[in-house]
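I opened a new notebook page for a structure I had not looked at before. My plan was to go from the overall fold down to single side chains.

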Amino acid sequence: MNIRTRFSQQMLEGLREIPSLHVFDTVIRVTVKLQETAMAGAPITAYARNSDAAQSYRRLALEILERTDPAASPDQV
């Protein structure tokens, strides 16, 4: 998602207002590194493990774990 555009921001706000729709807090932004991973055939967490995109995917994984298993700890990600 390109969160920098007004359209994307409004779309995200609109989605979060739908009571029956679960929207995570973590936003994965489009980056060049993510596009490069498609060509490299490797996950972002391996291709550019310290990139903002890799960190965002780790945060999303942790958020999913926390919402599905409240006992999950950050050490498990």
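These entries follow the order in which I looked things up.

**Entry 1: the whole chain**

I noted at the start that this is a predicted model. I then looked up the secondary structure, and the protein has four helices and zero strands. From the N terminus on, I read the order of elements as α-α-α-α. Next I checked burial: of the 77 residues, 25% count as buried. The accessible surface came to about 5800 Å², and carbon and sulfur atoms hold 55% of that. I also looked at contacts between residues at least 6 apart in sequence, and 33% of these join residues at least 24 apart.

**Entry 2: helix α4**

I turned to helix α4, residues 52-68. I listed the buried residues of α4 as Ala53, Ala54, Ser56, Leu60, Leu62 and Glu63. They pack against α2 (32-40) and α3 (44-47).

**Entry 3: the core**

Which residues make up the largest nonpolar core? I found seven: Ile28, Leu34, Ile44, Ala48, Ala53, Ala54 and Leu60. Helix α4 gives the largest share of this core, three residues. Leaving out residues up to four places away in sequence, Leu34 touches Ile28, Arg29, Ile44, Ala53 and Tyr57.

I picked Thr37, which sits in helix α2. Is Thr37 buried or exposed? Its relative accessible area is 11%, so Thr37 is buried; the cut-off for buried is under 20%. Setting aside neighbours within four places in sequence, I found Thr37 in contact with Ala42, Pro43, Ile44 and Tyr47.

I then went to Leu12, in helix α1 (residues 6-16). Leu12 is buried too, with a relative accessible area of 10%. I also checked Leu12 against Val23, eleven residues along the chain, and their C-alpha atoms are separated by 8.6 Å.

**Entry 4: salt bridges**

How many salt bridges are there? I counted three.

The pair I took up to begin with was Asp25 and Arg67, whose closest N and O atoms are 3.2 Å apart. This pair links distant parts of the chain, as Asp25 is in the loop between α1 and α2, Arg67 is in helix α4, and they are 42 residues apart. Asp25 counts as exposed at 54% relative accessibility. Arg67 is partly exposed, at 38%.

Arg67 also forms a salt bridge with Glu63, where the closest N and O atoms are 2.9 Å apart. These two are four residues apart in helix α4, so about one helical turn separates them. I recalled that an α-helix has 3.6 residues a turn, so residues three or four places apart point the same way. Glu63 counts as buried, at 8% relative accessibility. Together, Asp25, Glu63 and Arg67 are linked in a network of salt bridges.

The other pair was Glu36 and Lys33, whose side chains meet in a salt bridge of 3.6 Å, N to O. Both lie in helix α2, three residues apart, about one turn of the helix. Glu36 is partly exposed at 28% relative accessibility, and Lys33 is partly exposed at 36%.

Methods: Residues are numbered from 1 along each chain as its sequence is written. This is a predicted model: local features need pLDDT of at least 70, side-chain atom pairs count only at pLDDT 80 or more; totals for chains, interfaces and linings use all residues. Side-chain values use heavy atoms; hydrogens and water are left out. The expected span of a helix is 1.5 Å times one less than its number of residues. Buried means under 20% relative accessible area, exposed over 50%, partly exposed in between (1.4 Å probe, protein chains only). Contact means heavy atoms within 4.5 Å. A nonpolar core is a set of buried Ala, Val, Leu, Ile, Met, Phe, Trp, Tyr and Cys residues joined through side-chain atoms within 4.5 Å. Accessible areas come from the Shrake-Rupley method with a 1.4 Å probe; for residues, only the protein chains shown count as cover. A salt bridge is a side-chain nitrogen of Lys or Arg within 4 Å of a carboxyl oxygen of Asp or Glu.
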